[in-house]
Amino acid sequence: MARKFFVGGNWKMNGDFASVDGIVAFLNQSADNSNVDVVVAPPAPYLAYAKANLKAGVLVAAQNCYKTAKGAFTGEISPAMIKDLGLEWVILGHSERRHVFGESDALIAEKTIHALESGIKVIFCIGEKLEEREAGHTKDVNFRQLQAIVDKGVSWENIVIAYEPVWAIGTGKTASPEQAQEVHEWIRAFLKEKVSPAVADATRIIYGGSVTADNAAELGKKPDIDGFLVGGASLKPDFVKIIYARS
């Protein structure tokens, strides 16, 4: 089946009102993007501002959320709060949450379930570190991270999987189109075996890891690469070229 191209922009912990205005300006001036789902993720303080100022064709996501609706969890935000802002998406399981902040597969799965049950769609990130790839554990790591939500019986129609090899995030290194396609193909085969052929066929699997305007078109040609989750490049006007990589 034809899966709609999906391009996410993860701004991480970057930005102020002036820079957000700049990003909003180049996104709002971009041409029609009805053939692409575009979702950007500003830092939490700028979520409402970005939502209020971006054109209708660009959606806004939170970068993270917790596993409960409210309570004594200082510094966290809940899916209910994200929904209250009129937003539809959240990024969960990003490698920085896993490896900088120590979030476990189990916690990320709990957060994913709660977000979905709260009506928030999830960009679910997976990926291996360099030493894991070099040890031949790429499949094991990615499948383990996916299995955590398979075991929870998640609703797959509201999940986009983002494969982000940790060794290629912010390093300037990028998996070759062939390397990325190989892992995406493995992930789709995993979904076919563990969930269903229908879910495997319908679920969008996007690539993240030093995606640029220069390499996006080649990556986007691969049959199992359904878009991108872009980091630093999403802060720059060239992000628009990535959005149209398959046009």
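Buried means under 20% relative accessible area, exposed means over 50%, and partly exposed lies in between, with a 1.4 Å probe and protein chains only. The model is predicted, so local features need pLDDT of at least 70, side-chain atom pairs count only at pLDDT 80 or more, and totals for chains, interfaces and linings use all residues. Residues are numbered from 1 along each chain as its sequence is written, and side-chain values use heavy atoms, with hydrogens and water left out.

**Exercise 1. The protein as a whole**

Describe the secondary structure, the radius of gyration and the surface of the protein.

Solution. 
- Step 1: The protein has eleven helices and eight strands. Helices (H or I, at least four residues) and strands (E, at least two) are DSSP runs, numbered from the N terminus.
- Step 2: A compact globule of 247 residues would have a radius of gyration near 18 Å, and the 17 Å of the protein agrees with this. The radius is taken over C-alpha atoms, and the globule rule is 2.2 Å times the number of residues to the power 0.38.
- Step 3: Along the principal axes, the C-alpha atoms fill a box of roughly 45 × 45 × 35 Å.
- Step 4: Of the 247 residues, 51% count as buried.
- Step 5: The accessible surface is about 10,900 Å², and 53% of it belongs to carbon and sulfur atoms. Such areas come from the Shrake-Rupley method with a 1.4 Å probe; for residues, only the protein chains shown count as cover.
- Step 6: A contact means heavy atoms within 4.5 Å. Among contacts between residues at least 6 apart in sequence, 72% join residues at least 24 apart.

**Exercise 2. Two residues with positive phi**

Locate Lys-12 and Ser-210, and state phi for each.

Solution. 
- Step 1: Most residues other than glycine have a negative phi.
- Step 2: Lys-12 is not a glycine, yet its phi is positive, at about 55°. Lys-12 sits in the loop between strand E1 (5-10) and helix H1 (17-28).
- Step 3: Ser-210, also a residue other than glycine, has a positive phi near 55°. The loop that holds Ser-210 runs between strand E7 (205-207) and helix H10 (216-220).
- Step 4: Ser-210 has a relative accessible area of 18%, so it is buried.

**Exercise 3. Around Arg-98**

Is Arg-98 buried or exposed, and which residues does it touch?

Solution. 
- Step 1: Arg-98 belongs to helix H4 (residues 95-99).
- Step 2: The relative accessible area of Arg-98 is 8%, so the residue is buried.
- Step 3: Leaving out residues up to four places away in sequence, Arg-98 touches Gly-93, Glu-103, Asp-105, Ile-108, Phe-124, Cys-125, Ile-126 and Gln-145.
- Step 4: A polar contact is a pair of N or O atoms within 3.5 Å; within protein, one must be able to donate a hydrogen and the other to accept it, and residues adjacent in sequence count only if both atoms are side-chain atoms. The side chains of Arg-98 and Asp-105 make one at 2.8 Å.
- Step 5: A polar atom of the Arg-98 side chain also lies 2.9 Å from the backbone oxygen of Cys-125.

**Exercise 4. Leu-191 and Ser-196**

Solution. 
- Step 1: Ser-196 is one of the residues touched by Leu-191; the others are Trp-156, Ile-161, Ala-200 and Thr-203, not counting residues up to four places away in sequence.
- Step 2: The Ser-196 side chain reaches the backbone nitrogen of Val-199 at 3.0 Å.

**Exercise 5. Tyr-49 and Phe-17**

How far apart are Tyr-49 and Phe-17 in sequence and in space?

Solution. 
- Step 1: Tyr-49 lies in helix H2 (residues 47-53), and Phe-17 lies in helix H1.
- Step 2: They are 32 residues apart in sequence and 8.6 Å apart in space, C-alpha to C-alpha.
- Step 3: Tyr-49 is partly exposed at 28% relative accessible area, and Phe-17 is partly exposed at 47%.
- Step 4: Not counting residues up to four places away in sequence, Tyr-49 touches Phe-17, Val-20 and Asp-21. The side chains of Tyr-49 and Asp-21 are joined by a polar contact of 2.5 Å.
- Step 5: With the sequence limit of four places again applied, Phe-17 touches Tyr-46 and Tyr-49.
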